[in-house]
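Dear colleague,

I am passing on the structure that I mentioned, and below it you will find my notes on what was found. Please read them alongside the model.

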Amino acid sequence: MAPVAARDHRARSSSHSLLPILSLLCFVSIFLVLSLFRRASPTTPSLSTTLQLSRNSGTPSGASCDYSAGSWIYDPNYEFGRYDSSCKEIFKGWNCIAGNKSNARDVAKWRWKPQFCNLSPFNPIRFMESHRDFNIGFIGDSLNRNMFVSLFCTLKRVSGEVKKWRPVGADRGYTFLKYNLTIAYHRTNLLARYGRWSTNTGSGDLESLGYKEGFRVDVDVPDGTWAEAPHFHDVLIFNTGHWWWAPSKFDPIKSPMLFFEKGHPVIPPISPDIGLDLVLKHMTKYVNKEAKLGSIKFFRTQSPRHFEGGDWDQGGSCPRSSPLLPDQVEELFAIENNGTNVETRLVNQHLHMALKGSDFHMLDVTHLSEFRADAHPSTTGGKKHDDCMHWCVPGLTDTWNDILIALLNDIETKRSRS
Ligand SMILES: *[C@@H]1O[C@H](CO)[C@@H](O)[C@H](O)[C@H]1NC(C)=O
Ligand SMILES: *[C@@H]1O[C@H](CO)[C@@H](O)[C@H](O)[C@H]1NC(C)=O
Ligand SMILES: *[C@@H]1O[C@H](CO)[C@@H](O)[C@H](O)[C@H]1NC(C)=O
């Protein structure tokens, strides 16, 4: 808006020419106000006019859109047809429709509207047609599996013949035979290799500092589950985050993370957040060295949790049935507030620092996901604790995939032009 205002100022003498701009501005503000109302009363009709308007107000030609800034719009008439709850790959605890979560069908009626462009659901047939003999690897924790499941179900719906197999190290993998397109999920919590450590000689550097047991994290050694993946996949989507702020597993006293570099303990010992920086440094270097020629690398930013009233093991829950408002998002996630889910933005600070200037593309899903307190499985799946960390499928990870594929198309278009 700022550049328009500046131009207004200079062009005051020829105010006739301003009329179209001013009326456009009024038009836009009316829609902003309307969409706020729609948030409050989700029974109003769909917003096709808004969508049409935005097509004309895109970013300057050639520039890729910033898909991460925008707002959620409720469309009660939207019929989710991408796949359904019978898709076998959906983990039971994430299948909110089959699990009878009360707002499960509403979850997929919220559409993400980037501020300066449009994000439509990607077309799975067109995508596969244009990506024959192609491999896509998701590498990370269960939140990346959450995203993998959504992509699998979307592609499976339109391309029945699938061969189930696992590329080296993968946890799950499928080839869509008609297109020879393979997608796989490589499970790794920290990206780097780690395992239980306990003193055996009692005479090393760590022992002399009083350490008896913990987890050894080799900051410069990729987890075996994905070490081969860069040789195989044409697109790689990485993530790590939740496990670095998981005191129930890596208890700083009882089972601390003990970092090793070149096979030796890092002395003096470093805290997990510094360890994360070292891991990111080494792992991105490894990927750059090993990746297939021409491959495209994404790093997905942190997926927010929405525990309210306590952490996951303190009775925290996520009972909301519609997305948060912007103020509520800030209250829950601002780093200064040091709330239950404070790691969300902390992790991102480390990611942005480590990846600045690298040729990894950021798949920035954090802020848009921060709104979606309504989209977690919550009590679905019948576990002892509410799940306010993973996402219902269908649901938010469908939007993540839409953004992934929009970015991929942007990158490929740019490449084919140069
Ligand atoms: C969900 O509701 C259906 C129909 O009432 C029922 O058959 C099914 O057992 C329920 N599923 C769960 C997980 O409670
Ligand atoms: C399938 O694609 C891979 C590349 O990902 C290629 O090496 C292989 O030859 C293809 N297979 C067939 C049957 O075309
Ligand atoms: C943040 O909150 C946790 C407990 O919720 C507390 O242990 C920690 O000291 C707090 N950190 C800061 C910087 O206030």
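Helices (H or I, at least four residues) and strands (E, at least two) are DSSP runs, numbered from the N terminus. This is a predicted model, in which local features need pLDDT of at least 70 and side-chain atom pairs count only at pLDDT 80 or more, while totals for chains, interfaces and linings use all residues. Residues are numbered from 1 along each chain as its sequence is written, and chains are lettered from A and ligands numbered from 1 in the order in which they are written.

I begin with Cys 318, which is placed in the loop between β12 (296–300) and α10 (326–333). Cys 318 counts as buried because it has 21 C-beta neighbours inside 10 Å (buried means 20 or more other C-beta atoms within 10 Å of a residue's own, exposed 12 or fewer, and partly exposed in between, with C-beta atoms placed from the backbone). Leaving aside neighbours within four places in sequence, its contacts (C-beta atoms, placed from the backbone, within 7 Å) include Phe 307, Ala 373, Asp 386 and Cys 388. Of these, Asp 386 is 68 residues away in sequence, with 7.4 Å between the C-alpha atoms.

Next, the nonpolar cores, each a set of buried Ala, Val, Leu, Ile, Met, Phe, Trp, Tyr and Cys residues joined through C-beta atoms within 7 Å. The largest has 76 residues, and Ala 192 and Ile 237 are those with the most contacts inside it. Helix α6 (residues 142–158) gives the most to this core, namely eight residues. A second, separate core of five residues includes Phe 307, Ala 373, Cys 388 and Met 389. As for Ile 237, not counting residues up to four places away in sequence, it touches Phe 138, Ile 139, Asn 144, Phe 298, Arg 300, Leu 363 and Leu 404.

Turning to helix packing, the axes of α9 (residues 272–290) and α11 (residues 343–355) come within 10 Å and cross at roughly 35° (axes are lines fitted to C-alpha atoms, for helices over the stretch in contact, and angles run from 0 to 180 degrees between N-to-C directions). On the α9 side the contact is made by residues including Leu 276 and Leu 280, and on the α11 side by His 350, Ala 354 and Leu 355.

Finally, Lys 113 lies in strand β2 (residues 110–114) and counts as partly exposed, because it has 17 C-beta neighbours inside 10 Å. Not counting residues up to four places away in sequence, Lys 113 touches Gly 70, Ser 71 and Ile 73.

With best wishes

Terms used. Contact = placed C-beta atoms within 7 Å.
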